[in-house]
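Trainee: Could you take a close look at one part of this structure for me? I'd like to hear about a single residue and the surface around it.

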Number of protein chains: 2
Amino acid sequence: MPKVDTARFLADLNELRQIGAYKTGVHRPTFSPEDMESRRWLMERMRECGLEPTMDGIGNVIGRHQSAGPHLLVGSHIESQNYAGWLDGALGVMAGVALARAGLPVDVAAWADEEGHYGGFIGSRSFIGELSDAEIDRLTNRYHGKPLRQALQEAGLAGLPRIAMEPGRHKGFLELHIEQGTQLEGSGQRVGVVTGIVAIWQYRITITGMQDHAGGTTMAERRDAGLTAVRLLAMLDERMPMVCGPRSTWTCGRIALDPGASSIIPGKAEVLFQFRDVEETVLARMAHCLEACVQESNRRERCTTVLEAMSLSKPALCDPAMQAALAGAAEQFAPGAWRHMPSGAGHDAQYLAKRMPAAMLFSPSIGGISHHWSEDTKEEDLALCVEVLAEGAARYLAG
Amino acid sequence: MPKVDTARFLADLNELRQIGAYKTGVHRPTFSPEDMESRRWLMERMRECGLEPTMDGIGNVIGRHQSAGPHLLVGSHIESQNYAGWLDGALGVMAGVALARAGLPVDVAAWADEEGHYGGFIGSRSFIGELSDAEIDRLTNRYHGKPLRQALQEAGLAGLPRIAMEPGRHKGFLELHIEQGTQLEGSGQRVGVVTGIVAIWQYRITITGMQDHAGGTTMAERRDAGLTAVRLLAMLDERMPMVCGPRSTWTCGRIALDPGASSIIPGKAEVLFQFRDVEETVLARMAHCLEACVQESNRRERCTTVLEAMSLSKPALCDPAMQAALAGAAEQFAPGAWRHMPSGAGHDAQYLAKRMPAAMLFSPSIGGISHHWSEDTKEEDLALCVEVLAEGAARYLAG
């Protein structure tokens with residue numbers, strides 16, 4: 001049974017949270033100075049426990065174990081959403097380091113930009129061979145528009161090779177992550193063994209009207225793109241519940257009116273809309289509903305609405321043997337205090353699962369809070385989960 | 001009859017549009033380097049036609065005529081909305097210069113920040129004694145948050161005295177402006193004599209929910225501030241038409257979701273909502289409707305909505321004698337091709353009207369476009385309107 005130094009694991013996590021600290025959380029957007037500092041800090045931690053670290057041309061930090069194998073790959077991401085929580089991806093990365101320190105034959109990875117400042121999952125997609133140079137050329141920062149190429153250049157990564165997976169090296173991929181919900185907390189449980197990761201279908205809705213003065217233009221003349229956006233979103237709020245599944249989610253996270261001033265009728269509106277489910281049939285129903293609402297908007301309204309699918313992922317099921325190993329470890333360390341559960345959030349594991357067996361473990365999130373600086377998990381739960389992860393890894397490697 | 005040099009007037013306008021040029025429009029936000037350059041440029045133009053210019057501690061540029069009087073005050077504002085049109089306020093300021101050049105005894109004013117980058121109408125309000133130092137301390141830029149005091153400091157205006165109106169000096173205030181609508185163009189007319197300026201009631205609506213992860217948080221658990229904003233705006237879209245008057249307008253120009261990312265349930269939404277009318281009873285009905293919708297939202301929704309009145313102006317009626325002088329001049333220069341009309345937009349004249357007789361003249365707006373770089377008016381209409389303004393001023397001064 002591997003012996004994890006949980007005190008050191010917690011100390012590492014607390015040291016990492018100082019980089020880009022914001023209130024009790026962190027602000028480490030992808031390729032920001034804080035993000036790059038955290039990647040270099042991580043490489044030091046990898047060296048300390050005998051891994052050979054490399055930062056590649058997309059920002060992935062991969063620490064390679066020196067043993068003959070078989071190996072597991074363990075990790076997550078280290079950058080954060082803006083002004084977000086200290087654990088999120090950092091937890092899974094430092095758990096990988098803790099497993100290596102405990103003597104397990106693991107490679108540890110911090111995948112770049114899981115959080116989607118530039119497109120999302122570019123690190124794990126690059127590793128499995130699903131990120132082209134053409135896409136890198138095209139991607140820009142969703143908040144300030146900086147091209148990804150420029151960001152890579154400024155981070156000193158331009159020209160570095162991108163590390164691709166080595167077929168046959170890894171028996172599987174393991175990712176520890178916070179739950180980002182309240183199922184564990186609500187049922188008094190401390191560990192979640194993930195059964196699968198929902199697909200996320202992400203859309204951009206662009207509405208074009210006519211920018212005009214809010215006093216000079218009569219109501220009958222207006223082509224108010226903001227109003228069309230509001231009516232469309234209200235229609236989706238009515239229709240989506242009629243087609244969704246029991247665990248579906250749908251979210252409008254952004255409405256940007258152009259130019260966004262009090263006395264100007266918006267000439268343009270941009271809306272980000274997404275939905276998630278584990279069932280492909282449910283995803284298809286929800287997509288049809290969205291398309292039909294946009295079509296109906298274009299029939300009723302004076303403004304033109306264009307729907308663009310930005311990314312349509314597939315649900316990813318976790319490997320049964322890895323789930324069984326994690327479940328056995330969970331029952332050993334937390335008898336009766338764990339459960340099987342799906343992941344409502346996307347994770348790097350869903351891309352690794354396309355190439356190798358993959359599985360995930362969830363720790364509880366206090367109040368379910370995520371992507372906010374107040375995100376937190378009890379230290380005893382963090383320590384428990386890293387022990388379950390190590391034991392699960394050992395069991396799976398032995399199996 | 002005053003002889004206006006319309007060619008010079010048009011040349012001045014075209015020279016001014018080079019300062020902060022953006023496509024065919026201008027970008028001269030209040031106290032930006034471009035705005036300050038235009039104010040200094042204006043002072044030169046004033047000197048050339050014998051006015052004595054001063055820039056005061058709030059950014060007003062006032063060119064004082066050297067004659068004994070009686071005087072008229074003529075002007076508008078010179079800063080622009082973001083990436084907006086070349087005429088808007090600049091037209092009325094340069095019309096004042098044209099009248100002075102034609103030998104009329106006019107003081108010319110460019111009032112600071114009519115466009116509301118920092119609160120709105122701070123220049124004309126300062127001049128009539130309705131802007132306190134405490135309010136200046138409090139105001140910030142609505143786009144980037146810079147405090148007004150800091151902007152004044154950076155513009156070199158900190159510590160300068162603010163010029164207050166001199167009671168008895170002015171027989172009235174005249175403002176030429178583009179219509180910002182299509183009434184003139186639609187009826188084939190070239191000049192509008194304004195009867196009154198609508199009141200604008202401007203509100204900030206702040207909705208507080210709970211920021212959460214868009215995958216981990218079930219639909220039943222969410223407190224989505226963006227969704228509450230959408231439902232409230234959809235309710236207003238249904239209710240407002242039942243209480244408004246025939247010429248009322250209402251507009252939501254801005255919806256800001258916090259943090260505004262695709263995978264985060266918005267924890268906060270800020271909405272700017274305004275309505276306009278010339279009738280106080282209609283304004284009161286619309287205000288009651290808005291308050292009732294917010295109250296109903298707070299009854300139905302999981303998010304808390306707070307309504308704040310940011311400014312509640314009064315309708316301003318134009319002076320009958322000044323209207324008559326302008327109408328006579330319009331009939332002289334454009335027989336049958338002018339009309340009386342209300343102003344749906346707010347203007348500096350509404351503040352001057354609190355202290356002296358005031359009136360406005362409208363030129364047509366091509367396509368009604370305003371607050372956009374493509375805003376335009378035919379040069380022959382601009383020339384006609386400045387001649388009507390000069391003749392109207394002469395008639396009123398003689399009356």
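Mentor: Let's begin with a term: a residue is buried when its relative accessible area is under 20%, exposed when over 50%, and partly exposed in between (1.4 Å probe, protein chains only). Asp237(A) counts as buried because its relative accessibility is 18%.

Before going on, some housekeeping. This is a predicted model, where local features need pLDDT of at least 70 and side-chain atom pairs count only at pLDDT 80 or more, while totals for chains, interfaces and linings use all residues. Residues are numbered from 1 along each chain as its sequence is written, chains are lettered from A and ligands numbered from 1 in the order in which they are written, and side-chain values use heavy atoms, with hydrogens and water left out.

Now back to our residue. Asp237(A) sits in helix α8 of chain A, residues 225–239; helices here are DSSP runs (H or I, at least four residues) and strands are too (E, at least two), numbered from the N terminus. Setting aside neighbours within four places in sequence, Asp237(A) is in contact with Leu227(B) and Arg231(B), contact being heavy atoms within 4.5 Å. With Arg231(B), the side chain of Asp237(A) makes a polar contact of 2.8 Å. That term means a pair of N or O atoms within 3.5 Å; within protein, one must be able to donate a hydrogen and the other to accept it, and residues adjacent in sequence count only if both atoms are side-chain atoms.

A salt bridge is a side-chain nitrogen of Lys or Arg within 4 Å of a carboxyl oxygen of Asp or Glu. Between chain A and chain B the count is two salt bridges, alongside 24 residue pairs in polar contact, both at pLDDT 80 or more.

On chain A's side, β10 (212–213), α8, β11 (249–258), β12 (264–265) and β13 (268–277) each supply at least two residues that touch chain B. The largest share, eight residues, comes from β11(A).

Zooming out, 51 residues of chain A are in contact with 51 residues of chain B. The area buried between the two chains is about 4500 Å², and carbon and sulfur atoms give 53% of it; buried area is the accessible area (1.4 Å probe) that two parts lose on being put together, summed over both.
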